[in-house]
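Please open the model in a viewer and keep the sequence at hand.

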Amino acid sequence: MRIDCTCIYILPVTISDATPDLAISSGATATPSTDQAWTPRLWGVLAVLCLVMFLDGLDVSMVGVALPSIGTELGLSTTSLQWIINGYVLGFGGLLLLGGRTADLLGRRRVFLIALTVFAIASLVGGLVDNGTLLIASRFVKGLAAAFTAPTAMSILTTTFKEGPARNRALSIFSVFGASGYSSGLILGGLLTSAGWRWTFLMPVPFAVLALVAGAVLIPRDRAADNGGHDIVGAATLVSGMLLAVYTVVSAPARGWADPLTLGSFALAAALLASFFVVENRVAHPLVRLSILRVGSIVRANLSIVALFGSYLSFQFMMTIFLQSVLGWSPLEMALGLLPAGIIVAFGSPFVGRLIDAFGTARMIIAALTSLSLGYLWFLFAGSDQPHYAVAILPSVLLLGVGFALGFTSIMAQATSGVDDSEQGLASGLVQTSAQVGAALVLALTTALVTAGSHTAAGISGAGFHQFHSGLVLVTGVALLGLLITVSPLLRRVLNPA
């Protein structure tokens, strides 16, 4: 099962014959015109970025497939297994904003290469450890590295392609590589897990090293910003507040929701997150320029990505456990069962840019969240202890594939629309943070609901479809709430025509 945290920087780029060149010189990223020819160096840079996106999708989907095998070998409960996912998600989401700001200030090339090095080392460590805590720690470190590679790669993309058709097309071949990595990872994850789950961690290492060497040679040097600063206090309050909030949600079912320690942890998490906003209003160089949140379309894009990623990640986590631990499917059978969604994303994403040009981002996001909601509802009502694949599972998988393919590129385009080049790192980091933080919180709540009264992997294995019912209700509600938020401006126009 693929638990998609990194999809967030799976950016496809459909490249036409007349596409902009990539030139980064003297610290400035050129904004190319559509009549510039693609040079061999341009193709080389694009290949490096796409390889990294491919590895990200590959890595996450392979690890998702391996979760039950990891739990069996290392003796991890379902609650602990979700930390293999949430450890990555929190490391990723917690420092994305700092990563985007760092790329703007220190230079995209430098930040990209350093983060890619850490990513490769963390992958190697994850494949060698024999302790669940160390494995989760390696995933957290890998998430931290991705927090710098993701907004850096995206800011290179968005400052290279002009806003409009060129950027939409760019946001629609880059993503294909991430989606293709996801699709490939499902199959490879099933095959590699059969040989040993450690191979799902070790396989990306040589390719990450290849991308690192090629990137050092091909990506042009850029210059650090002349002014600016790092908001370390803001980053610290944001990360600690999110970690504490998710930890509290995960541990609350065992300790009790009304337990004084649970209530105190929630209060402290809320205080830390509130202090983050206070800090952002006072520091000279904030992690988030809060005035950007006054733009309605950007706020809606960030809320939409929470609904998209939070529901999608949590649903796939449940399907991983349900299909393998409850129904007894092999890792490869499960990967093949979920593969149609990845194929739709991989082959459908290149056309999303044209659809955005024709219908606009808002309508595309509405269509995406509608498709996701229908997919969750279908499985909620058609699922059972012995579901028929063609009747109960396949329709949901197809609807989810369509929803993700339409939604991801559309949301990313809306979230970065109208933002100055100097703040593209901030805008892309903000929307990616929303996705990861939202995914972490929804997954934590989903895990708490699914494991209520059954805190061990054995307990889940002995359960039936009913054990997942409340979790399915939650992810459906999250998707429907995102749909309502997205459609609200259109409803206001209909009800109050000016």
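**A nonpolar surface patch**

In this predicted model, begin by selecting Leu 481, Leu 484, Leu 491, Val 494 and Leu 495, which make a nonpolar surface patch of about 530 Å². One of these residues, Leu 484, lies in helix H18, residues 469-495.

**From H18 to H14**

The crossing of H14 past H18 is left-handed. To display the contact, select on H14 the residues Ala 362, Ile 365, Ile 366, Leu 369, Thr 370, Ser 373, Tyr 376, Leu 377, Phe 379 and Leu 380. On the H18 side, the contact residues include His 469, Leu 472, Val 473, Ala 479, Leu 483, Val 487 and Leu 490.

**H3 and H8**

Next, select helix H3 (residues 108-128) together with helix H8 (residues 204-218), which pack at an angle of about 165° with their axes 9 Å apart. H3 is therefore roughly antiparallel to H8. Here too the crossing, of H3 past H8, is left-handed. H3 contributes Arg 109, Leu 113, Leu 116, Thr 117, Ala 120, Ser 123 and Leu 124 to the contact, and H8 contributes Val 205, Ala 208, Ala 211, Leu 212, Gly 215 and Ala 216.

**H13 and H15**

Finally, select helix H13 (residues 352-359) and helix H15 (residues 389-416). At what angle do H13 and H15 pack? The angle is about 60°, and the axes are 10 Å apart. H13 passes H15 in a right-handed crossing. At the contact, Val 352, Leu 355 and Ile 356 of H13 meet Ala 405, Leu 406, Thr 409, Ser 410 and Ala 413 of H15.

Key:
Residues are numbered from 1 along each chain as its sequence is written. This is a predicted model: local features need pLDDT of at least 70, side-chain atom pairs count only at pLDDT 80 or more; totals for chains, interfaces and linings use all residues. Side-chain values use heavy atoms; hydrogens and water are left out. Patches are made of residues with over 30% relative accessible area and no salt bridge: like charges are joined within 9 Å, nonpolar side chains (Val, Leu, Ile, Met, Phe, Trp, Tyr) within 5 Å. Accessible areas come from the Shrake-Rupley method with a 1.4 Å probe; for residues, only the protein chains shown count as cover. A salt bridge is a side-chain nitrogen of Lys or Arg within 4 Å of a carboxyl oxygen of Asp or Glu. Helices (H or I, at least four residues) and strands (E, at least two) are DSSP runs, numbered from the N terminus. Axes are lines fitted to C-alpha atoms, for helices over the stretch in contact, and angles run from 0 to 180 degrees between N-to-C directions. Angles under 35 degrees count as roughly parallel, over 145 as roughly antiparallel, 65 to 115 as roughly perpendicular and the rest as oblique. A crossing is left-handed if the near helix is turned anticlockwise from the far one by less than a right angle, and right-handed if clockwise. Contact means heavy atoms within 4.5 Å.
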